[in-house]
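Student: I have a structure open and want to learn how to read its features. Can we take them one by one?

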Amino acid sequence: MSNKTRSILKGIAVVVVLLAVLMQLQIVIIPFLSPYRFWMVVIGFGMLLIGSK
């Protein structure tokens, strides 16, 4: 896996977790994603693990 791909995966993981946190704080409200906040954090963590060496 190239460094560019790793950087993209890490960036997407940060955005997904940040979105989940903002939804938890009720700053951003996306009704159809609301029940999946926990799984968004799990997927973000998994992407970060895949993207790390």
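Tutor: Start with a loop. Glutamine 26 sits in the loop between helix 1 (3-24) and helix 2. Helices (H or I, at least four residues) and strands (E, at least two) are DSSP runs, numbered from the N terminus. This is a predicted model: local features need pLDDT of at least 70, side-chain atom pairs count only at pLDDT 80 or more, and totals for chains, interfaces and linings use all residues. Residues are numbered from 1 along each chain as its sequence is written, and side-chain values use heavy atoms, with hydrogens and water left out.

Student: What is the phi of glutamine 26 near?

Tutor: Phi is near 60°, a positive value in a residue other than glycine.

Student: Is glutamine 26 buried or exposed?

Tutor: Check the cut-offs: buried means under 20% relative accessible area, exposed over 50%, partly exposed in between (1.4 Å probe, protein chains only). Glutamine 26 has 63%, so the residue is exposed.

Student: How many helices and strands does the protein chain have?

Tutor: The chain has 2 helices and 0 strands. Its C-alpha atoms fill a box of roughly 35 × 15 × 15 Å, taken along the principal axes. Of its 53 residues, 17% are buried.

Student: Why does arginine 6 count as buried?

Tutor: Because its relative accessibility is 19%. Arginine 6 belongs to helix 1. Now use contacts (heavy atoms within 4.5 Å). Leaving aside residues up to four places away in sequence, arginine 6 touches Met1, Gly51 and Lys53.

Student: What share of the contacts with a separation of 6 or more comes from residues 24 or more positions apart?

Tutor: In the protein chain, that share is 50%.

Student: How many aromatic pairs are there?

Tutor: Rings of Phe, Tyr and Trp (its six-membered ring) pair if their centres lie within 6.5 Å; planes under 30 degrees apart count as stacked, over 60 as edge-to-face and the rest as tilted. By this rule there is 1 aromatic pair. The rings of phenylalanine 38 and tryptophan 39 have centres 4.9 Å apart and planes at 75°, so they are edge-to-face. Phenylalanine 38 is exposed, at 53% relative accessibility. Tryptophan 39 lies in helix 2 (residues 37-51) and is exposed as well, at 51%.

Student: Which residues make the nonpolar surface patch?

Tutor: Tyr36, Phe38, Trp39, Val42 and Ile43 make a patch of about 560 Å². Patch residues have over 30% relative accessible area and no salt bridge; like charges are joined within 9 Å, nonpolar side chains (Val, Leu, Ile, Met, Phe, Trp, Tyr) within 5 Å. A salt bridge is a side-chain nitrogen of Lys or Arg within 4 Å of a carboxyl oxygen of Asp or Glu.

Note on methods. Accessible areas come from the Shrake-Rupley method with a 1.4 Å probe; for residues, only the protein chains shown count as cover.
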